Amino acid sequence: MADLKERIARRCAKEFEDGDFINLGIGLPTQVADYVAEDIMVTFHSENGFAGIDAVVEDEKDLDVDIINSGGFYVTALERVKYFDTAESFGLVRGKHVKATVLGAMQVAENGDLANWIVPGKKVAGMGGAMDLCAGCPQVIITMLHTQKGAPKIMKECTLPLTAERCVSKIITEMGVMEVREDGIWVTELHPDYTKEEIQAATACELHFDPNMKAMEEE
Amino acid sequence: MINKIKTAQEAVAGVKDGMTIMVGGFLATGSPEILMDALVEKGVKHLTVIGNDGGLDAGQPAGAFAGKTARGIGKLLENHMVDHIIASHIGVNPKINEQVEEGTLRYTLVPQGTLAEKIRASAYGLGGILTPTGVGTPMETELDELGREKKTVVIDGVKYLFEMPLHADYSFIRPSVADKFGNYYCSKATKNFNYVMAGASDHTIIAPEKLVEIGEIDPDYFDVAGVLVETIVEGEKKWQI
């Protein structure tokens with residue numbers, strides 16, 4: 001499982017280009033930062049108030065009690081950091097200045113609808129900044145395991161309350177890379193461990209296979 | 001000449017049962033602890049509290065570092081002083097869901113960016129804001145914090161939710177540095193809601209970690225205008241792990 005998540009995080013990191021400003025969600029998306037190529041400069045947005053998040057603090061000597069990330073962990077910031085208040089932070093998001101947000105999902109529909117803020121059977125936690133990020137960022141990249149204990153998460157229509165409508169642009173799972181287009185979900189990369197039939201069987205809507213589909217690369 | 005400096009007890013003397021308050025902070029980072037302590041001491045009840053979240057409960061970790069006491073809004077929740085919380089996230093402090101289940105607390109969720117803009121609209125005289133956030137979600141179909149239906153507006157083919165201003169009786173804010181007129185600055189990630197909440201209430205109370213004389217430091221250093229601040233309380237300390 002850990003290896004599968006690392007595979008997803010490594011592949012997602014290849015989406016970024018030099019100079020990008022990106023928001024990473026909590027959990028698997030956070031791992032993506034570990035695999036960004038060293039020869040490009042990517043700035044990560046922490047929606048609670050800065051551009052230029054670095055790393056989670058583990059040693060008390062690095063601790064600054066005025067810097068937490070959106071998950072409530074004490075973190076360090078880069079030299080080029082810019083701090084701002086919540087209004088400016090989400091102005092940057094809705095204004096489409098944060099190029100992409102990388103998030104997990106409970107369900108993704110074939111039209112790009114996303115449900116990831118209410119977990120069935122768990123107490124309501126709230127959307128935090130997720131609805132703003134999904135409505136505002138030009139690209140919403142979903143990184144997740146392809147199924148939830150065998151049940152498909154990519155489906156015709158979401159049955160859970162939505163986070164945002166038609167917002168997902170790309171889905172990266174251990175099985176492959178998929179783009180959400182006007183006419184449905186297209187597989188652009190398939191991992192060599194799986195066949196077209198297997199990825200389709202793990203998905204509850206029709207997948208289209210891009211004529212130029214490649215093998216999902218690994219380092 | 002006007003003197004805005006009061007003790008914490010004097011500052012909260014006018015807060016009455018059933019009032020609406022706003023509290024700066026994000027998971028209690030940037031929350032004015034001495035003002036929360038004064039509210040607890042006063043024992044005011046049935047508050048409506050506007051903040052990003054419910055702060056932290058006693059012993060809850062902030063990453064690898066656990067606090068010993070409740071922090072920020074967590075202090076009000078711990079003492080059962082809140083009837084209604086308006087926030088973007090209620091999943092961290094377990095007291096919220098406990099009290100919801102007990103039937104003593106209700107919540108209204110507002111997306112984080114929308115929450116900031118609703119507060120800002122109140123402070124800066126706007127009749128509301130239009131946002132794409134929440135279209136097609138329960139934010140469009142559920143009633144707002146005051147039980148009103150949401151309106152939508154389509155502009156150039158894009159649908160927006162119309163969100164109303166959010167006003168309170170008191171704003172409680174934690175600057176890092178303020179002068180004795182109330183001009184202030186919040187360090188790093190403590191800015192969060194501490195800027196938009198100034199002036200969004202009838203009374204804005206600040207509890208700076210450091211209070212300087214007027215003119216003691218370059219006024220250009222401050223981000224928020226002291227004209228928005230009614231009361232200044234000394235004695236707030238940098239958070240200690």
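How many aromatic pairs are counted over all chains? In this predicted model, the count comes to six aromatic pairs. A pair of aromatic rings is described by the distance of the centres and the angle of the planes.

In chain A, A:Phe50 and A:Tyr83 form a tilted pair, with a centre-to-centre distance of 5.4 Å and 45 degrees between the planes. The pair links distant parts of the chain, 33 residues apart: A:Phe50 belongs to strand β3 (residues 50-56) and A:Tyr83 to strand β4 (residues 75-83) of chain A. Both A:Phe50 and A:Tyr83 are buried.

In chain B, the ring centres of B:Tyr185 and B:Tyr221 are 4.7 Å apart and the planes stand at 45 degrees, so this pair is tilted. B:Tyr185 is placed in strand β13 (residues 184-185) and B:Tyr221 in the loop between β15 (210-212) and β16 (231-233) of chain B, so the pair ties together parts 36 residues apart in sequence. B:Tyr221 counts as partly exposed, at 38% relative accessibility. Ring pairs also join B:Tyr185, B:Tyr221 and B:Phe222 in a cluster.

Chain A as a whole contains five helices and 15 strands. Its radius of gyration is 17 Å, close to the 17 Å given by the globule rule for 219 residues, so chain A is as compact as a globular protein of that length. The C-alpha trace of chain A spans about 50 × 35 × 30 Å along its principal axes. Of the 219 residues of chain A, 55% count as buried. The accessible surface of chain A is about 9800 Å², with 48% belonging to carbon and sulfur atoms. Chain A carries 21 positive and 38 negative charges, whose mean positions are 4 Å apart.

Methods. Residues numbered from 1 in each chain as written. Chains lettered and ligands numbered in written order. Predicted model: local features only at pLDDT ≥ 70, side-chain atom pairs only at ≥ 80, totals over all residues. Heavy atoms only, no water. Helix = DSSP H or I, 4+ residues; strand = E, 2+ residues; numbered from the N terminus. Rg over C-alpha atoms; globule rule 2.2 N^0.38 Å. Buried < 20%, exposed > 50% of the residue type's maximum accessible area, 1.4 Å probe, protein only. Areas by Shrake-Rupley, 256 points an atom, 1.4 Å probe, with all protein chains shown as cover. Lys, Arg positive; Asp, Glu negative; His and termini not counted. Charge placed at Lys NZ, Arg CZ, Asp CG, Glu CD. Phe/Tyr/Trp six-rings, centres within 6.5 Å; stacked < 30°, edge-to-face > 60°.
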